[in-house]
Amino acid sequence: MADQMVLQAQKWVNATYKSVAGYNPVTEDGKTGWNTMYSLTRALQHELGITTLSNAFGPTTLSTLAARGPIKVGESNKNIVKIIQCGLFCKGYSAGAIDGEMSNPTLFGFKTMMENMGIPAEDIGNALPAKVFKALLTMDAYIFLSGGLEQIRLMQRWLNARYWQKSTFFIGPCDGFFSRDVQQALMKGIQYESGIPEGSANGIFGPGTEAGLRAHTLAEGDSGTWVQLFSAACVANGPSNTSGDIASFSYEFGPKLASWVKKFQSFSAIGESGKADFDTWAQLLVAYGNPDRDVDCCDTRFTITPSRAKALYAAGYRAVGRYLDEPAESTLNKEIQPGELDAIFSAGLSVIPLWQYDARKLADFTYANGYSHGRKAHERAEGYGFNRSTVIYFAVDYDATQAEMDKIVDYFIGVNDALKSNGSKYITGVYGSRNVCASVAGGAFVPYAYVSGMSYGFSGNLGFPLPQNWAFNQIKEFNFSAGSDTFALDRVSHRPGADFGQKSVNQSGSSTVDQFIAYVQKVYDAAVAYGKGNANELCLQFMRWEKYTDSRWGSLFGDVDSAFIQFCVNRGLGRARDQAYLDPSMGVTISPDHLIASAAGYFLKGNAGVGKANRAELASWGGDLLTFYGEWSRSDNASPLDFCRRTLARPDVASTFSLSDLIEDIDGYTVAMKLKAGGTNIVTELRKILLGGGHKTRFSDFKAARFGNTTDGVKKTAKAFLEDDISDTLLSSTRALLIQRNCPIHKKPWLESDSVMDEFYRGFAEVLQRLIDQQ
């Protein structure tokens with residue numbers, strides 16, 4: 001919809017400068033955009049006497065404007081004042097009229113903008129400084145935007161307020177979103193406080209910055225500017241763990257910040273000191289962190305001979321990345337060579353399979369190429385004998401921009417489809433910048449990321465946090481010496497508990513899925529041997545023990561047979577939660593006890609039907625959706641639909657309703673419905689899902705069986721659980737208690753507007769459909 005004041009601005013600037021050489025007319029559509037700001041920038045350059053006009057408000061424009069002095073009341077050049085007024089209207093501020101007068105409405109407009117920037121109006125009086133003029137003619141937002149974080153906005157405004165008058169600092173956005181520009185502003189702040197001269201403060205992590213950080217180790221109890229800078233870096237890195245904790249921008253290093261730091265250090269695989277030591281500073285600020293910290297992984301394009309393998313092990317490495325293949329025209333000879341895997345395994349190392357055919361420009365990334373590469377990677381991996389559930393990392397080896405992500409995601413959807421068409425034996429991983437890894441994880445549901453962290457200058461690494469699904473982070477390239485033998489090697493950090501490559505090949509039954517099915521068989525055999533009760537129900541009781549058998553669960557779903565639990569323990573059977581496995585389709589780690597809890601709920605309470613809910617939902621997707629609703633309700637005014645799109649069931653984002661959770665809910669439902677129908681057992685049904693191909697259609701099957709195969713059915717059933725009256729008083733009171741614990745008092749679902757809640761339910765339905773579209 002056209003904004004009439006923006007339209008007036010466009011008409012004025014075109015009419016005034018259309019015959020000026022180098023001026024580019026803007027489309028008169030009443031819509032703010034960069035082209036309007038570029039036209040106003042060229043108009044200003046003309047008024048300043050600059051003859052070669054440019055879209056860029058660069059050093060020449062800024063210095064010429066600064067030399068002229070601030071624009072203030074009584075300004076003789078009416079057109080410059082009109083440019084200010086046009087800029088204010090395009091920014092969404094009032095300026096009175098486009099009349100060339102520095103009137104009270106115009107003064108109020110830019111002072112309001114400066115207040116939003118974090119700059120006190122008293123700092124400038126009734127004049128507009130050159131730097132603020134430059135900020136005016138950008139598309140940066142200085143008000144909080146939906147989906148942003150208030151803590152980031154506090155940090156942005158503080159940076160502007162403290163450093164805006166520094167010669168090398170430029171006013172940044174205050175929208176609540178971390179970006180490359182904000183990252184550079186934070187780095188410059190650190191450089192100023194480190195004593196680096198203004199003219200040398202460039203926002204680049206160099207020796208002077210490193211020295212400043214090493215001199216400023218901080219700990220709980222400290223306070224001051226350095227704590228503000230450190231907490232700003234913490235805020236910028238987003239959630240530190242799967243609970244979604246966000247740090248707070250603070251002047252004091254308190255217990256909450258120390259707790260967040262420990263979680264971040266654990267997540268980042270660095271020492272858990274709880275302090276702002278150098279390793280932590282570096283990990284917060286640059287994609288590679290401290291490149292010389294201890295790591296246990298590496299990768300190389302060179303053959304790992306027996307002597308090299310032994311030298312790598314002696315140097316502390318335990319896994320090495322190697323290429324499955326290379327294009328026929330390549331002369332690098334970087335693929336795994338005959339006998340090489342034996343050398344790697346014999347030395348005690350694991351191997352991380354990598355795939356790269358070109359992958360250095362956008363044209364290399366199409367769905368067709370992804371499908372072709374996925375098929376070839378499957379063939380090569382099978383040829384080497386790689387075991388089921390091996391993760392193969394497909395490379396994006398260039399600085400892909402945000403505008404290119406859709407095509408890169410299409411490539412990975414092609415890879416996924418190819419691997420699935422070959423029986424889902426192998427799992428897709430992505431290698432690339434932080435932004436590439438996150439975008440591919442969210443767009444193609446790729447569960448494992450191999451981050452090219454040592455490419456610090458990539459735009460996809462600046463201003464982006466380490467994705468939650470990172471498994472490896474490449475941090476330094478150097479020459480490794482094995483006696484007189486020297487070859488290029490990349491040092492790689494690894495996140496404990498994530499994929500660690502393969503320690504062997506040609507081992508049937510070695511996958512985590514195979515091991516889980518074997519475990520379920522033992523539990524079922526124990527239930528039969530026990531000789532009492534329903535064997536399937538007993539299995540459900542034992543495998544949700546001990547997390548999902550407490551008194552709360554007992555009141556909702558009944559007590560378990562404790563004698564059978566002990567019977568299984570006596571037979572040497574451990575908890576199901578210790579039998580985590582990689583899902584054959586999506587590759588994420590599955591917690592069997594949660595899956596079984598979902599199954600137990602439906603087995604005991606049945607399926608309520610479309611548009612209805614019962615206690616079964618509490619043990620399954622309904623309970624997870626309720627918790628996720630609480631997560632949204634505590635967020636900073638994000639659109640519920642956008643929040644679902646950005647957060648729900650994404651492998652790269654910390655969330656209370658993860659992709660693993662959803663798969664566990666769905667597979668539990670499917671198992672329970674089959675068991676209730678009779679004539680089968682839990683081993684058979686889990687085998688059908690995980691080894692017989694049921695995982696390939698689980699999302700569409702679930703939508704059809706539970707929601708009547710319609711979006712409206714998904715929304716109505718979700719609403720029934722979160723909002724509608726429930727005749728089951730225990731379920732109703734339990735739901736109310738969970739909402740009280742998870743939601744601010746004014747954010748209870750039934751207090752929200754119908755339009756807001758419809759967005760939330762639509763978001764859930766949309767995410768489920770996206771998974772169906774890619775299954």
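Analyst: Ser-439 counts as buried, because its relative accessibility is 14% and the cut-off for buried is under 20%. The model is a predicted one. Ser-439 sits in helix H17, which covers residues 434-444. Beyond its neighbours within four places in sequence, Ser-439 is in contact with Gln-402, Met-405, Val-409 and Ala-444.

Now the charged pairs. The structure holds 29 salt bridges. One of them joins Arg-157 and Glu-115, with the closest N and O atoms 3.7 Å apart. Arg-157 belongs to helix H7 (residues 150-163) and Glu-115 to helix H5 (residues 104-117), so this pair ties together parts 42 residues apart in sequence. Arg-157 is partly exposed, at 23% relative accessible area. Glu-115 is partly exposed too, at 41%.

Lys-476 pairs with Asp-292 in another salt bridge. Their closest N and O atoms are 2.5 Å apart. Lys-476 lies in strand S9 (residues 470-482), while Asp-292 lies in the loop between helix H12 (278-285) and strand S3 (297-299), so the bridge ties together parts 184 residues apart in sequence. Lys-476 counts as partly exposed, at 27% relative accessibility.

Arg-706 forms a salt bridge with Glu-617, and the closest N and O atoms are 3.0 Å apart. Arg-706 is in helix H28 (residues 698-707) and Glu-617 in helix H23 (residues 615-618), so parts 89 residues apart in sequence are tied together. Arg-706 is buried, with a relative accessible area of 0%. Glu-617 is buried as well, at 0% relative accessibility.

Salt bridges can also share partners: Asp-325, Glu-335 and Arg-380 are joined this way into one network.

Conventions. Residues numbered from 1 in each chain as written. Predicted model: local features only at pLDDT ≥ 70, side-chain atom pairs only at ≥ 80, totals over all residues. Heavy atoms only, no water. Helix = DSSP H or I, 4+ residues; strand = E, 2+ residues; numbered from the N terminus. Buried < 20%, exposed > 50% of the residue type's maximum accessible area, 1.4 Å probe, protein only. Contact = heavy atoms within 4.5 Å. Salt bridge = Lys/Arg side-chain N within 4 Å of Asp/Glu carboxyl O.
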